[in-house]
Amino acid sequence: SVQYAFYPVAAIDTFSPGKILYKKVEVLVNGVPDSIYVYSIHPDSAKYSLSFVDVGQGRGNYVPDLNAANGKVFKWVEPVNGVPQGNYEAAAFLVTPKKQQILTLGADYFVTGNTTVSADIGMSNYDINTYSTRDKGNDKGFAGRFQFKHIESLGKHLNLQGDGSFEWVEKSFKPLERLRNVEFTRDWGLPLLVEPADETMYMAGLELTDQKSGRLRYQFTGYHRSDGFNGSRSSLLHQQNTKGWTFNNQISYTQSTSAIDKGYFLRPRFDIGKKIAQLRNYTVGGSYELEHNQARNRLTDTITPYSFSFDIVRFYIKSNEEKPNKWGFSYYTRSDQLPLSKGLVRTDRSQNYTLTGELLANPAHQLRVNATYRTLQVYEKTSTNQESDKTVLGRIEYQINEWKGLLTGNLLYELGAGQEQKRDFAFLEVPAGQGEYAWFDYNNDGVQQLNEFEIALFQDQAKYIRIFTPTNEFVKASYNSFNYSLGLNPRAVLDPFKSKGVKKFLTRINGQSSLQLFRKAMADGTVQFNPFDNQLGDSTLISLTSVWINSLAFNRFSSRWGFDISNARNLSKVLLTYGLESRAQKEWSIRSRLNFAKRYTAELIGKTGNTNLATGNEKFDNRNYDVQQYSLEPKISYTKGASFRVTGGYRYGHKENRLGESELLNSHALNTDIKYNLLQNASVQGKFTYNTIRFDYPTNTTVSYIMLDGLQPGKNLLWSLDLTKRLGRNLEMNIQYEGRKPGDKNVIHIGRASLRAIL
């Protein structure tokens with residue numbers, strides 16, 4: 001066996017905050033003493049580190065327990081009448097060390113210009129356990145294939161080809177990659193997973209090819225396995241394009257027998273299309289496709305569970321594809337049959353209507369449309385979430401470039417549905433600076449909880465990454481999205497040097513606006529067309545994202561003065577394992593600049609807005625906040641050529657939390673930034689900030705970390721030094737040093753060095 005299941009009970013010597021730990025509890029199960037494991041955060045009893053494996057419903061004694069722990073927790077469920085009620089067990093899989101070697105040899109021999117013979121032979125050596133000395137006789141396996149092809153010319157454009165092949169594969173042969181195609185077992189009516197066996201396959205084919213119009217091919221294939229399976233297949237392929245008619249037809253019939261089953265697999269596919277010159281070269285056509293795989297048990301005459309059948313009928317019409325403006329419409333219906341009782345029973349039928357169109361003749365206005373309306377009628381349920389429904393899938397894309405670039409932009413609207421996979425997540429520790437999150441033990445219990453991780457504001461605190469783990473649970477979801485981006489640039493049509501009055505004023509204006517909306521919710525049988533409708537109930541919401549940014553710049557291209565105003569509104573909601581979490585941020589900002597005396601630049605930056613976080617789980621109430629804030633920052637810069645620049649400024653900030661303790665913060669900061677370029681291959685940059693903060697509230701909370709920006713009440717010092725040096729033409733060295741002293745805390749020093757190759 002390649003892997004063995006065992007029950008690991010790893011006792012630890014010291015309590016670890018980053019692990020999910022359990023304590024052992026003695027219980028009575030059906031009157032018999034037994035031991036179970038219970039999640040614990042107490043250092044005196046949490047001494048066991050366990051792993052859990054999904055063993056199937058009704059086979060395990062543990063189930064997932066959703067709580068605030070940083071990791072997946074499992075709880076014990078008492079058996080009922082001796083029958084387990086869970087689907088997880090405290091177990092792990094022991095994977096043995098393996099060795100795999102492959103040796104292959106291939107050769108091609110051209111008998112004549114029209115006749116080719118080729119051969120491939122392979123040997124594998126696969127040891128499933130290098131620690132073991134038993135059962136080594138089946139480690140080596142062989143496989144081979146021989147092919148023959150001959151082409152005979154029957155005319156100027158007509159060729160006749162005959163070909164054949166023979167191959168065998170021993171059951172002990174182990175290839176490095178998949179030897180067969182993905183649907184090989186399905187094509188032969190076999191189960192998805194089959195045990196290895198000695199295989200023999202042979203093929204003979206005859207093909208007639210007309211280089212102008214098409215080809216016709218017949219092929220016979222035989223497949224035999226040492227486990228008793230025998231199959232044969234006949235297939236006919238017809239492809240032709242003549243006088244506006246297009247044919248793409250294929251039919252195959254497979255018969256198979258095994259030690260316990262017998263069956264057949266019928267797969268016809270017909271596709272016929274016609275381009276009608278009298279109808280502006282429109283193309284009309286249709287297709288029919290059937291897959292009927294039916295196998296029955298030899299003794300009981302019952303149908304096998306891997307049997308299936310479906311058929312598809314499709315009709316379509318489309319305009320001339322060579323035109324810039326074109327459209328198409330298609331209809332297809334699919335009916336499925338699955339094994340129920342002693343035969344194949346129709347389980348559902350879908351009907352699909354699809355409309356496509358492209359309007360590209362006008363380069364200033366281009367439109368692309370793709371929409372599908374689908375109805376599904378379920379006759380026999382095969383899963384718990386399968387219901388009759390109606391679905392709309394669509395995509396509209398519009399691009400504009402009008403008035404020589406005065407107005408540019410694009411718009412995208414999408415509507416759809418599908419399956420959404422439920423996800424768990426946990427925070428994993430990584431080397432400092434390589435993560436994104438920081439951990440703060442807010443409740444001082446020494447244990448990591450999900451509500452104790454924040455986005456790190458300093459690189460040395462970024463010690464954790466968030467890992468999402470997919471589950472085997474799915475929900476049916478519907479979604480819609482709406483995006484637009486618009487730009488207004490009067491300079492595209494007005495000459496700023498020749499215009500006067502109002503026109504001169506307009507050339508100084510530049511506007512940008514963009515919006516991104518995306519919403520995903522559990523499907524409830526209705527179609528959510530309106531992307532601006534935010535009245536969606538929290539019980540059905542999966543995720544919601546809204547980003548709206550607007551900016552207006554005046555005198556952007558002036559070297560003397562200018563200003564810009566921007567507004568940003570961000571909203572996000574996501575359904576996590578512990579409930580719904582929503583974040584919102586609104587901000588107005590204005591930035592103005594004035595250049596004087598050639599080398600001096602004065603700037604004034606003002607911001608106001610609010611940011612908030614809300615969670616729907618009571619265990620995470622400590623994370624909720626609604627912070628109103630504003631700031632004002634004047635600064636002045638001195639620049640001497642391209643070699644030296646120094647900037648100094650002052651920043652006043654005010655923040656107030658409108659939830660919880662109504663925390664209030666005021667800060668005064670002095671900033672300076674100096675950069676000096678040494679010749680043309682080196683630069684030095686230094687920054688220093690002195691920030692005094694008044695904050696008379698507890699600092700070990702989520703809201704305090706957000707309001708303080710990772711600093712502390714009182715005097716805060718931050719400084720950095722950055723050296724960049726060019727070593728030769730393609731090599732660059734960078735050395736960075738950062739330091740900070742937050743409040744009365746110790747000084748923190750951070751150093752980095754990197755070497756970069758420029759190719």
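For my residue classes, Ala, Val, Leu, Ile, Met, Phe, Trp, Tyr, Cys and Pro count as nonpolar, Asp, Glu, Lys and Arg as charged, and the others, Gly among them, as polar.

**Entry: overall build.** I'm working from a predicted model. I looked up the secondary structure and got three helices and 41 strands. The C-alpha atoms fill a box of roughly 90 × 85 × 60 Å along the principal axes. I then checked the radius of gyration: the protein has 35 Å, while a compact globule of 759 residues would be near 27 Å. I find 35% of the 759 residues counted as buried. For contacts with a separation of 6 or more, I get 56% from residues 24 or more positions apart.

**Entry: second largest pocket.** I read off a volume of about 1300 Å³. Of its 39 lining residues, K171, F173, K174, E195 and P196 are the closest to the centre. By class, I see 16 nonpolar, seven polar and 16 charged residues in the lining. β12 (115–127), α1 (184–187) and β16 (214–225) each supply at least two lining residues. The most comes from α1, with three residues.

**Entry: S335.** Where does S335 sit? I found S335 in strand β22, residues 325–340. Is S335 buried or exposed? S335 has 1% relative accessibility, and the cut-off for buried is under 20%, so I log S335 as buried. Leaving out residues up to four places away in sequence, I list S309, F310, D311, R346, D348 and R349 as what S335 touches. With R346, S335 also makes a side-chain to side-chain polar contact of 2.9 Å.

Terms used
Residues numbered from 1 in each chain as written. Predicted model: local features only at pLDDT ≥ 70, side-chain atom pairs only at ≥ 80, totals over all residues. Heavy atoms only, no water. Helix = DSSP H or I, 4+ residues; strand = E, 2+ residues; numbered from the N terminus. Buried < 20%, exposed > 50% of the residue type's maximum accessible area, 1.4 Å probe, protein only. Polar contact = N/O pair within 3.5 Å; in protein donor to acceptor, adjacent residues only side chain to side chain. Contact = heavy atoms within 4.5 Å. 1 Å grid on protein atoms, 1.4 Å probe; cavity = no way out; pocket = protein on both sides within 12 Å on 5 of 7 lines; lining within 4 Å. Points joined across faces, edges and corners; volume = space filled by probe spheres on them. Rg over C-alpha atoms; globule rule 2.2 N^0.38 Å.
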